Amino acid sequence: MTYHLPSCQKMSANKENNLVQAYVELNKFCQNGDYERALKAAGKVLQISPNEQKAFHCKVVCFIHLHNFKEALSVLCNPKNAALASDLVFEKAYSQYRLNCPKDALDTVDSASELTPALKELRAQILYRLEQYQECFNLYRDIVKNTDDDYEDERKANLSAVVANLAAINQSADLPTFEESTYELSYNSGTTLVMRGKYNEALSVLKKAEQACSESIIDDGGTEEEAKEEAAIIRVQQAFCQQQMGKEKEAASLYHNVLKDKPSDQALVAIASNNLVVINRDTNVFDSRKRMKAATQDGLEHKLTSRQRASIAYNQALLAIYSNQPDFCKQCCVKLNREFKQDHRATLVEAASLHKEGKRQQAITLLLKSGGVLVLAAVQIMLAQGDRKGVVKLLEDSEFKYKPAVIGLLYTLLAADNEYEKASQMFTDVYEHYKNDDEAMSSLRGVWRAAADAHARAGDSARAALAHEALARAAPQDKRSLARLVKALRGDPARAKALAEALPPISELECKIDVDALESSKWMMGAKVVKKTVQSKQEQSPGTPGSELGQKTKPKRKRKTKLPPNADLSRPPDPERWLPKYERTAYRKRRGVRRDVIKGSQGLTTAAVDQYDMSKQTPSTATKSPRVEVKTTETWTRKQQKKKGKGRKW
């Protein structure tokens, strides 16, 4: 007796067999890395059974491997697939991260019920992209500490990159160091030194990193071109070190060599081009504009840090000034202010543009409106205009009036207008401001020295003594300051005498001074004056009787008479020997050359033609031209008179 299966059971068996066959194909393609065919196999599985979690997961992973992140995110965010995508938090966050949406990716990671090791590493990468370096550093340090696998070197390299950026924010921060076991770690260590301003040390570390990079790529089977491209970023960092050290020619050569190889890294090209613009400054503007175009291409906002993009925007604004593009410069300043919150820099560049256009008053108004340190830039423009009184008033009302450099500037301006009483009052206010701060009092020696001079010129001896006292207190070991204080206290003899006891005795000072050497030295006048002065003193000083007998008079040097090689001393010299050949009497002009050609307008009279027509003149008049004879005689007389005073001999 035979039994037959119902039709529904037959369909179920066929479906299960097809599903198994589809999974076999999917597994084979995934193992071979053929993600396009694996994607089709996953779709086939989902066609048979739409609720297959593993097939859905494989489909998303295939999209990611094929760099089709938009499609992967679209599948994950589809409401129909909400149940299947609920556990795929890592894949969703990673797709958002690769699509340059780091904030959305961070929200996705933080929404996970459990922070797995994979999500931790992804979160650290997202924090690095968002430039939250301190939180990223803490997370990476925890990952490195609690993880032990084959990716330890990569994690250390990432951690060292975070350390380099932290050093850029705070150069004096206490940060860990890493063993330079790979060229990535060496490069990041060198970058950390660069951020700390130690360019010489960084240069040697970066050269080692470049060598290690080339050796590593070649050992792994790569070509020299691949090694050169991988080491391009290290060479650009070396060029930056040389640029900061003032070796701009060497730095420019390195930048040009890197750009000549046309690296595929767009961020690297942008940084090298921007640094070349900085080296060019206001020269070679055409090349700078071409470089700036490469540094401001689309898509770089996701590959450069905000600090790097702000520097490029700032240099672009400066280049607009050099290119005489004030409107474009203003647009760059607006961008610098809105996107990077660098309002002071933007205002300074815009004021510089206005100053170049000749709108100085508008530039000053803009700078004063911003306030702060930009007031000093307004001071510079006012000084260029010669407005000294306006500068004095502005600085006296500013917050910088007690800064040493500003005090020095105010004193110089007041002294130029002979307002010593006002300068004396200013130094009194400065003294009242700093009198309770011992550290500041000891550091402002130059201020107290200038204050003493101002009080003395203003005729206020009491305040001058007070300034000298502050100077002596600031430098207790300086005996000169103490001596000046003693001199200033001549109105108080008792106190001056008490202070004078600390001065060294005069006998000690006398033994160290060579009076004769001081009298004979003329170091202020130069070597030639010294020589003449010493000789004149020796000639004027009377010697002892009979001293002139021992002196030998220096004989006058006689020069030998130079004669020409064919000179005949029995004959007198030719009186016309100094004249040019064409002025001598024996000179004959060449035949066929007509020198006295009549030149003139078409209206020349016939009388003038007859005058120069030799065929119409009588034989007595057709002799040697008197013009030539007069010229020869006058020239000879003039030349002889001229040569008499030169004393030339045979």
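## Counting the ring pairs

How many aromatic pairs does the count come to? The answer is 6 aromatic pairs, and keep in mind that we're looking at a predicted model here. A pair of aromatic rings is described by the distance of the centres and the angle of the planes.

## Phe69 and Tyr94

Let's start with Phe69 and Tyr94. Their ring centres sit 6.2 Å apart and the planes meet at 70°, so this pair goes down as edge-to-face, the label for angles over 60 degrees.

Where do the two partners come from? Phe69 belongs to helix α4 (residues 69-77) and Tyr94 to helix α6 (residues 89-98), so the pair ties together parts that are 25 residues apart in sequence. As for solvent, Phe69 has 7% relative accessibility and counts as buried, while Tyr94, at 23%, counts as partly exposed.

## Tyr199 and Phe240

Another edge-to-face pair is made by Tyr199 and Phe240, with 6.4 Å from centre to centre and 75° between the planes. This one links distant parts of the chain too: Tyr199 is in helix α12 (residues 199-219), Phe240 is in helix α14 (residues 232-244), and they're 41 residues apart.

## A cluster, and a charge over a ring

Back to Phe69 and Tyr94: ring pairs link them with Phe90 into a cluster.

Which residue lies over the face of Tyr314? That's Arg345, at 4.0 Å from the ring centre.

Notes: Residues are numbered from 1 along each chain as its sequence is written. This is a predicted model: local features need pLDDT of at least 70, side-chain atom pairs count only at pLDDT 80 or more; totals for chains, interfaces and linings use all residues. Side-chain values use heavy atoms; hydrogens and water are left out. Rings of Phe, Tyr and Trp (its six-membered ring) pair if their centres lie within 6.5 Å; planes under 30 degrees apart count as stacked, over 60 as edge-to-face and the rest as tilted. Helices (H or I, at least four residues) and strands (E, at least two) are DSSP runs, numbered from the N terminus. Buried means under 20% relative accessible area, exposed over 50%, partly exposed in between (1.4 Å probe, protein chains only). A charge sits over a ring if NZ of Lys or CZ of Arg is within 6 Å of the ring centre and within 35 degrees of the ring normal.
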